[in-house]
Amino acid sequence: MTNQPSCAADPIRVLVTGAAGQIAYSLLYSIAKGDVFGKDQPIILVLLDIPPMLPVLDGVVMELQDCALPLLREVIPTDKVELGFKDLDAAILVGSMPRKEGMERKDLLKANVAIFKTQGAALEKYAKKSVRVLVVGNPANTNCLIASKSAPSIPKENFSCLTRLDHNRARSQVAMRCGVPADAVKNVIIWGNHSSTQYPDVHHAMVNVHGKEVEAYNAVKDDSWLKGDFISTVQLRGAAVIKARKLSSAMSAAKAICDHMRDWWFGTLDGEFMSMGVYAGGNSYGIPEDLIYSFPVHIKNKSWNIHDGLPINDFSRAKMDATAAELVEERDTALSFLSQ
């Protein structure tokens with residue numbers, strides 16, 4: 001190690017669960033290359049999956065080795081939580097029970113409560129108390145809440161779920177409609193659940209048109225699209241991808257995970273907020289407190305704050321309340337399983 005440049009930091013331990021799956025396959029290279037935690041941050045990648053997937057995981061490990069990435073110090077494949085969750089700096093929980101044909105939503109919830117109770121308990125027992133946890137596996141909001149409740153000594157603020165994919169979808173839809181690049185659109189919001197009740201909101205979004213910032217409604221000039229097809233397109237985009245590819249979103253999900261974690265690590269730009277599923281306690285938007293709900297957030301020094309004070313019209317209010325109601329119902333069902 002004496003020949004390392006003086007800027008070489010200690011490696012951080014990053015866990016990815018469901019590591020033999022297709023989202024992870026699109027994700028691991030970006031993390032190992034330095035796109036998420038920084039170009040001078042060495043990484044120890046911990047890859048957790050269920051025992052039947054271990055042979056596949058060995059192939060993933062081989063490929064990561066064959067990328068010859070200078071920041072990747074070690075890759076640890078495992079099916080054991082005591083190794084998987086040990087001393088973590090970041091945990092990206094991608095693995096979950098997928099919905100099978102004919103499966104009731106309640107059965108899906110029950111299976112996932114068991115998984116995320118175990119993983120929350122493992123975070124509590126083995127991970128650093130400063131660990132940052134991103135839940136991707138669906139139903140992501142409720143899985144995240146269960147994990148957090150199962151790790152009471154880790155701050156609630158350290159848990160989040162992924163709604164950045166929905167955020168990126170909304171941003172891209174507006175950009176395409178206006179004929180501008182995606183980064184010319186800022187401050188779209190995803191409110192609520194990562195489900196088809198989520199509310200993609202552009203009332204506070206701005207679009208850079210020919211160097212001038214214009215409110216999204218004035219840039220798009222089509223209110224009926226923004227209040228209709230735009231919302232349903234974003235809400236149902238995951239299903240549309242499955243219908244077309246016969247597989248769920250992987251490339252775009254991995255990109256959203258990278259965006260979410262990078263912003264959590266390095267902060268959001270001044271004057272911009274991003275969508276993150278976070279603990280609703282103390283929010284100023286009248287959302288029930290004991291939920292993981294997607295809000296617009298600013299991030300600084302690895303801490304997020306909900307962006308307060310946005311005016312909410314009646315149209316938005318009804319949609320924000322509808323997705324909250326679904327989350328309350330999910331939470332209550334999940335908690336009944338948790339106590340069994």
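Modeller: Let us begin with a term: two strands are said to pair if DSSP finds at least two bridges between them. Please keep in mind that this is a predicted model.

Biologist: Which strand is joined to β12 by 6 bridges?

Modeller: Pairing requires at least two bridges. Strand β12 covers residues 274-279, and its partner, with which it runs antiparallel, covers residues 292-300. Within this pair, Ser-275 stands opposite Pro-296. The partner with 6 bridges to β12 is β13.

Biologist: How many residues of strand β12 are buried?

Modeller: A residue counts as buried under 20% relative accessible area. By that criterion β12 is mostly covered, and the number of its buried residues is 6 of 6.

Biologist: Is Ser-30 buried or exposed?

Modeller: Ser-30 belongs to helix α1, residues 22-33. Beyond its neighbours within four places in sequence, Ser-30 is in contact with Asp-35, Val-36 and Cys-258. Because its relative accessible area is 16% and the limit is under 20%, Ser-30 is classed as buried.

Biologist: Val-136 is in the loop between β5 and α5; is Val-136 buried or exposed?

Modeller: The loop in question lies between β5 (132-135) and α5 (140-149). Leaving aside neighbours within four places in sequence, Val-136 is in contact with Ile-92, Leu-93, Val-94, Leu-162 and Ile-257. Since the relative accessibility of Val-136 is 10% and the limit is under 20%, Val-136 counts as buried.

Biologist: Which element gives the most to the lining of the largest pocket?

Modeller: The largest pocket holds about 1,600 Å³ of space. Its lining has 47 residues, and Ser-96, Pro-98, Gly-137, Asn-138 and Ser-248 lie nearest its centre. Two or more lining residues come from each of α1, α4 (105-126), α6 (164-178), α10 (237-245) and α12 (314-338). With 5 residues, the element that gives the most is α4.

Biologist: How many residues in the lining of the largest pocket are charged?

Modeller: The lining is divided by class into 20 nonpolar and 19 polar residues, together with a charged group. The number of charged residues is 8.

Biologist: Which element supplies the largest share of the lining of the second largest pocket?

Modeller: This pocket holds about 480 Å³ of space. Of its 21 lining residues, Leu-165, Asn-168, Arg-169, Ser-252 and Lys-255 are the closest to its centre. At least two lining residues are supplied by each of α1, α6, α10 and α11 (251-266). The largest share, 8 residues, comes from α6.

Biologist: How many residues in the lining of the second largest pocket are charged?

Modeller: By class, this lining has 6 nonpolar and 7 polar residues, besides the charged ones. The number of charged residues is 8.

Methods:
Residues are numbered from 1 along each chain as its sequence is written. This is a predicted model: local features need pLDDT of at least 70, side-chain atom pairs count only at pLDDT 80 or more; totals for chains, interfaces and linings use all residues. Side-chain values use heavy atoms; hydrogens and water are left out. Helices (H or I, at least four residues) and strands (E, at least two) are DSSP runs, numbered from the N terminus. Buried means under 20% relative accessible area, exposed over 50%, partly exposed in between (1.4 Å probe, protein chains only). Contact means heavy atoms within 4.5 Å. On a 1 Å grid over the protein atoms alone, a cavity is a set of points where a 1.4 Å probe fits but cannot get out, and a pocket is an open set with protein on both sides within 12 Å along at least five of seven lines; lining residues have an atom within 4 Å of a point. Grid points are joined across faces, edges and corners, and a volume is the space filled by probe spheres set on the points. Ala, Val, Leu, Ile, Met, Phe, Trp, Tyr, Cys and Pro count as nonpolar, Asp, Glu, Lys and Arg as charged, and the others, Gly among them, as polar.
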